[in-house]
Amino acid sequence: MSERVDVLVVGGGVIGLASALALLEAGRSVCVLEAGTAGCGSSHGNCGTITPSHAAPLAAPGKVAKALHWMLTPDAPFYVKPSFDPALWQWLLRFASRCNVRDWRAAMAVRAQILLESRAQLPQWVERYGLQCEYAEQGVDYVFRTRRELDHIAAELPPLAEVGVAGEVIDGATYLRNEPALREGVVGAVRFPGDARLRPDRYVAELARVVREAGGRIEEQCEVRGLQEDGDGVRAATSRGEYLGRDVVVATGAWSPLLAKSAGLSKLPIQPGKGYSITYDRPALAPKQPVVLYERSVCVTTWDSGFRLGSTMEFSGYDTSLNRRRLDALERGAAEYLHEPVGPVKREEWFGWRPICVDDLPVIGRAPDRHHTWLATGHGMLGVSMSVATAQLVADLVCARKPRIDPAPYSPQRFA
């Protein structure tokens, strides 16, 4: 049994590490319990874009029809693997009920609040802690080869502007003159100048470094198998014995529903959404800023140290296979748009699970019917983008301070 700390943080991904850092800043003693190694989850392999532009939720009008159309296409950008999984189909029905304009706009406003707050605070964290993560405020461009899709996204710019996210349309000829990495055939682009980028594997490694330097402990290879509130604290049963805390923050991403079940918490309406990426050495002719190749749903990020293709969304449970067809689709999609779609050396092929909540909003707050158990999960594809604001909200709630943003829309109580 370990010495009791103020806060146990379960999960050493971007949300867990950022929350640990914010709690340490608030004067709490913290121990992070990570089943693998710090930063080994979905934080590692995503494209590292910081995107208030993604305020529009996945549950959008027309999404269900598109998903059904893609079900028989295993390399489709949004793919639901045919299977008998009652929990997945129940989740999909609830998700489908939200694919309407009213819920879409309401979720957009709530997502924009935490995305913009995180985007505003991230540069201060980078400077304050000296985070060496290739952070750059370059914006993100959505690039289109069909007029219909360009017009569809351009129509979202007014509602995004209403929630504080600015964007602009650039005609294809002008865009190509300024971006030689793109092939002919681009009809236009939508630029979101307020977006940014970083290298996510280095970001989480830097967060782990700063947590340790601030006095936090990170226990790796320490799988949490159960949580029990006991009087004025919490006991965490792990593969390495028992850990004690006054409070516990569950930040286990796509694994949160499984831990919640073992801990006797309310069922979390979260499904694992599998994403893929490929990392290369940087090609000679690479896009100047992150780009989303819209029709193929491929995100391309260029860093000083490398080049990554990523994205796709696959609902196939916790399937641990690396789907070659879906990886190849990233390269095929990039080849339609880029003169040099891959780098000279392939460094990594990766997949990971994102925690997709049924309403596409994060779950942040005290667990229902618990006094010392807090949740910070359900960030979907935006864990890195939302990390700083989530961490500050977690610290505010655990420390009973007035939050910087309204916590009510993210509360787990909405599912109780």
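**View 1. Salt bridges in the predicted model.** Counting a salt bridge wherever a side-chain nitrogen of Lys or Arg comes within 4 Å of a carboxyl oxygen of Asp or Glu, the total for this structure is 31. As background, side chains of opposite charge can pair when their charged atoms come close. The model is a predicted one, in which local features need pLDDT of at least 70, side-chain atom pairs count only at pLDDT 80 or more, and totals for chains, interfaces and linings use all residues. Residues are numbered from 1 along each chain as its sequence is written, and side-chain values use heavy atoms, with hydrogens and water left out.

**View 2. The E162–R105 salt bridge.** Zoom in on E162 and R105, whose closest N and O atoms are 2.6 Å apart in their salt bridge. Helices here are DSSP runs of H or I with at least four residues, strands are runs of E with at least two, and both are numbered from the N terminus. For accessibility, buried means under 20% relative accessible area, exposed over 50%, and partly exposed in between, using a 1.4 Å probe and protein chains only. E162 counts as exposed because its relative accessibility is 59%, while R105, at 35%, counts as partly exposed.

**View 3. The E117–R404 salt bridge.** E117 and R404 form a salt bridge, and their closest N and O atoms are 2.8 Å apart. E117 sits in helix α5 and R404 in the segment after α12, so this pair ties together parts that are 287 residues apart in sequence. What is the relative accessible area of E117? The value for E117 is 17%, so this residue is buried. R404, by contrast, counts as exposed at 52% relative accessibility.

View 4. D201 and R199 form a salt bridge with their closest N and O atoms 3.0 Å apart, and both D201 and R199 are buried.

**View 5. Strand β7 and its two partners.** Strand β7 (residues 188–192) is largely enclosed by the rest of the structure, because 4 of its 5 residues are buried. Two strands pair if DSSP finds at least two bridges between them. Strand β5 (residues 140–144) runs antiparallel to β7 and is joined to it by 5 bridges; here F144 has G188 as its bridge partner. Strand β6 (residues 168–171) also pairs with β7 in the antiparallel sense, over 4 bridges, and E168 stands opposite R191.

**View 6. The β10–β11 hairpin.** Strands β10 (residues 224–230) and β11 (residues 233–238) run antiparallel and are joined by 6 bridges. Follow G226 across to its bridge partner in β11, A237. The two strands form a hairpin with 2 residues between them, and G231 in the turn has a positive phi of about 65 degrees.

**View 7. The buried side of helix α4.** Helix α4 (residues 86–97) has 12 residues and spans 17 Å from its first C-alpha to its last, close to the 16 Å expected at 1.5 Å a residue; the expected span is 1.5 Å times one less than the number of residues. Its buried residues are L88, W91, L92 and F95. These cover an arc of only 100 degrees around the axis, which puts them on the same side of α4. The arc is that of the directions from the helix axis to the C-beta atoms. P86 and L93, on the other side of α4, are exposed.

**View 8. Helix α6 and its buried face.** In helix α6 (residues 147–154), E149, L150 and I153 are buried. Down the axis of α6, the buried residues fall within an arc of 100 degrees, so they line one face of the helix.

View 9. With a disulfide taken as a pair of cysteine sulfur atoms within 2.5 Å, a search of the whole structure finds 0. For C99, the nearest cysteine sulfur is that of C357, 14 Å away. C99 counts as buried at 15% relative accessibility. The sulfur of C222 is 7.2 Å from the closest cysteine sulfur, in C31, which is too far for a bond; C222 is also buried, with a relative accessible area of 0%.
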